[in-house]
Amino acid sequence: MTRSALAAAFRWHASWPAWLLGSLISVYAVGLVLKGEADSAVFDNVFATLTRWLPAIICLLALLKVDRPRAEAVLVTIGITVNAIADSYFYFVVHNTAVRPFPTAADAGYLVFYTLMLCALGVLVHRQLQGLSRSVLLDSAVGASGTATILVVILTRITSSATAGPETLASTVITAYSVLDILLAATLAGLATSRGLFIGRRWILLVAGLAFFTSADLAFFLSDSGAISLSRAPLEVGWAGGLALIALWVFASSGPESSRGRKRVPGSALLVPGIATIAGLAVLIAGTRTHVSTLAVVMAALTMTLATAPLAFRQRVLSHQARTDQLTGLPNRRALYAEASPRLACAEQTGTALLLMDLDRFKEVNDSLGHDVGDRLLIQVGLRLTRQLGPGDLLARLGGDEFAVLLAKADPHDAIVKAIVLRAAIAETFTLEGIALHTNVSIGIACYPEQGTDFNGLLRKADMAMYKAKTSRVGYHVYTNADDSDFGTRLRTLHELRVALVSDQLVLHYQPKLDLTTGEVHNVEALVRWNHPCRGLLQPGEFLPLVEEAGLMQEMTRILLAQALDQAAVWMLREIRLTISVNLSPSSLLDAALPERIAAMLDARGLPASALILEITEEYLMQDYALARASLTRLRDIGVRISIDDFGTGYSSLAYLRDLPIDELKLDRSFLTPMQDDPRAAALVASTIDLAHSLDLRMVAEGVETADALAELSLYGCDQAQGYFISRPVPAAELVTWLTTRGASFLAEEGAHATN
């Protein structure tokens with residue numbers, strides 16, 4: 001039988017091993033209780049052996065289910081199998097002899113079992129605990145050494161009496177049992193203590209199984225020495241139950257485990273070190289009044305040393321953590337403030353500069369892809385910035401997506417050069433979650449001592465310069481006195497903009513697209529305006545940069561898309577058939593749920609998907625082709641049409657026209673202005689229109705401002721045109737009036753043309 005067939009045979013119920021083992025041990029336990037001290041070949045031999053071999057068989061089946069079993073699962077399976085062989089020999093050979101010898105071949109198997117279990121735990125501990133802080137590792141060591149101290153005190157007295165006299169094989173085996181019991185119990189205590197260990201159902205099964213088995217073994221050891229009085233039944237059930245739990249862990253490890261089911265070790269992580277410390281102290285005190293073995297005293301002293309060791313460096317660790325950003329490992333704001341003053345004092349003659357950096361549209365990455373992706377982006381940004389710094393430069397993360405660099409020695413020119421280098425480093429593609437992300441950074445520069453005599457003043461002015469760099473889109477800006485007033489205006493405008501988003505101050509105006517063949521209008525473009533309560537109607541250029549800077553573009557896009565579709569529904573009820581084009585920001589295309597959200601909005605209004613055209617910029621396509629293709633394909637699948645805005649400004653390969661699911665190209669206005677006076681420009685427009693038609697795409701020219709430009713576009717075969725010559729963007733009510741007037745005017749023109 002192949003491994004895949006074997007896996008399919010047992011896939012019918014993932015919990016069958018638990019039911020089978022539970023039933024067997026329950027019957028075994030009931031039988032042991034009912035038979036009492038009487039001999040029973042069925043329970044003392046047959047059932048006892050079955051409780052050992054069934055876990056071994058389940059472990060072997062689990063290993064056959066996977067192509068590459070883990071090392072710890074293999075070690076545990078071998079250990080349980082060796083233990084089953086040893087128990088079989090004990091129950092059928094040693095158990096039936098009148099005088100039971102010690103040690104026997106079974107004891108060798110038991111010792112091998114313990115050794116393999118310790119090796120398996122070692123593999124798991126190495127995988128789970130690597131990379132943890134020293135304080136966590138010390139807590140684990142305290143728990144392990146404290147547990148070992150207690151067992152050494154208990155077992156040393158029994159072992160010393162059992163091994164009194166000349167050294168024999170029996171005394172060696174007893175000592176080996178004691179050592180292995182102590183090591184296994186100490187390891188389990190260390191695992192329970194670790195605050196960095198992730199516990200799930202699998203780990204609970206393994207730790208509980210070994211704890212049951214070790215407890216039963218220690219109880220047997222104490223009972224056999226006469227220290228306590230205990231019947232055989234609970235010991236047998238403890239051994240059988242422990243092996244069953246370990247086998248269930250191996251079986252569960254052969255399948256995937258959800259990370260949601262994992263949790264960190266609870267409060268015992270703090271309880272165990274406390275108990276271990278008390279135990280170590282008690283042993284040391286007891287050693288002054290009675291005889292305690294040297295090993296117990298050494299273990300107690302080790303426990304106390306480990307428990308007090310964190311105090312020696314805790315202050316240093318806390319101080320380091322207080323000045324370090326936990327996410328990136330860079331110095332934080334507190335560290336920057338602490339370092340800045342002495343650095344500025346030393347730079348009075350040579351000069352220095354503070355560069356304050358803020359990632360562009362970082363909030364949109366968090367909102368679209370999740371904060372975990374945003375965190376990894378910040379880590380990579382920190383690494384790239386670090387590589388570009390010189391000796392003595394100080395890089396710090398101030399919080400969020402803000403970073404600061406205090407240059408060791410720089411004049412304004414040096415600071416500008418450094419800003420250009422840093423921006424170039426961040427502009428390179430980041431790959432996160434299989435997605436290629438493009439971002440950039442806006443940098444504000446304030447120079448010392450020209451623009452500030454203390455660090456607080458320098459930081460405030462660098463902040464003003466940074467926001468100036470964002471709004472002007474130049475990437476970096478050196479502080480000037482004029483930035484003070486600009487900064488206050490920006491803060492007021494940002495507050496007013498947030499109010500505008502929730503108080504319906506953002507309105508849409510509609511610009512018609514004229515069909516150059518028929519003279520009719522079937523499409524309009526929705527363009528946003530801000531109906532400011534004090535400043536009047538504001539154009540997009542006056543507030544859109546601030547929207548992007550504040551990370552509000554996605555929210556604004558959702559609001560405007562809803563407004564446009566509401567208007568389309570109103571027009572449909574009035575039997576005005578107009579398709580609305582809506583501009584989509586690049587950040588909106590990062591939203592994985594966007595196609596489904598748009599489909600739901602269309603359905604809620606009873607609109608067909610063909611009523612909407614989404615316009616995206618060619619620049620975005622060039623930035624992230626793979627992501628753009630995936631997003632646009634999903635949008636086209638629901639029936640929405642796609643238009644490429646500002647076509648011709650990307651200066652890149654036109655291969656995407658063949659591969660991307662697009663319907664329309666919008667020729668940028670920069671091509672139309674020189675068209676009438678420059679034959680080469682006119683030829684370029686004509687060839688671009690022919691290219692679009694050859695690919696079965698519609699061509700729309702935007703920015704048409706003269707009758708001559710409209711006539712030439714019509715001559716070249718352009719499909720549609722929009723611009724101030726045809727109509728400015730107007731409110732919906734005015735558009736309906738314009739459509740009626742335009743229709744009558746066009747009919748009159750056609751009639752006059754026919755008469756002539």
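Analyst: Buried denotes under 20% relative accessible area, exposed over 50%, and partly exposed the range in between, with a 1.4 Å probe and protein chains only. The model is predicted: local features need pLDDT of at least 70, side-chain atom pairs count only at pLDDT 80 or more, and totals for chains, interfaces and linings use all residues. Residues are numbered from 1 along each chain as its sequence is written, and side-chain values use heavy atoms, with hydrogens and water left out.

The structure holds 16 salt bridges, each defined by a side-chain nitrogen of Lys or Arg within 4 Å of a carboxyl oxygen of Asp or Glu. One of them pairs Arg397 with Asp325, with 3.0 Å between the closest N and O atoms. Arg397 belongs to strand β4 (residues 394-399), whereas Asp325 sits in the loop between α11 (294-322) and α12 (333-346), 72 residues apart; helices (H or I, at least four residues) and strands (E, at least two) are DSSP runs numbered from the N terminus. Arg397 is buried at 12% relative accessible area, and Asp325 is buried at 12% as well.

Within helix α12, Glu339 and Arg343 are four residues apart, about one helical turn, and their salt bridge has its closest N and O atoms 3.6 Å apart. Glu339 is partly exposed at 35%, as is Arg343 at 28%.

Glu525 and Lys666 form a salt bridge with a closest N and O separation of 2.8 Å. Glu525 lies in strand β11 (residues 521-532) and Lys666 in strand β16 (residues 664-667), so the bridge ties together parts 141 residues apart in sequence. Both Glu525 and Lys666 are buried. Through shared partners, salt bridges join Lys513, Glu525, Glu615, Glu664, Lys666, Arg698 and Glu702 into one network.
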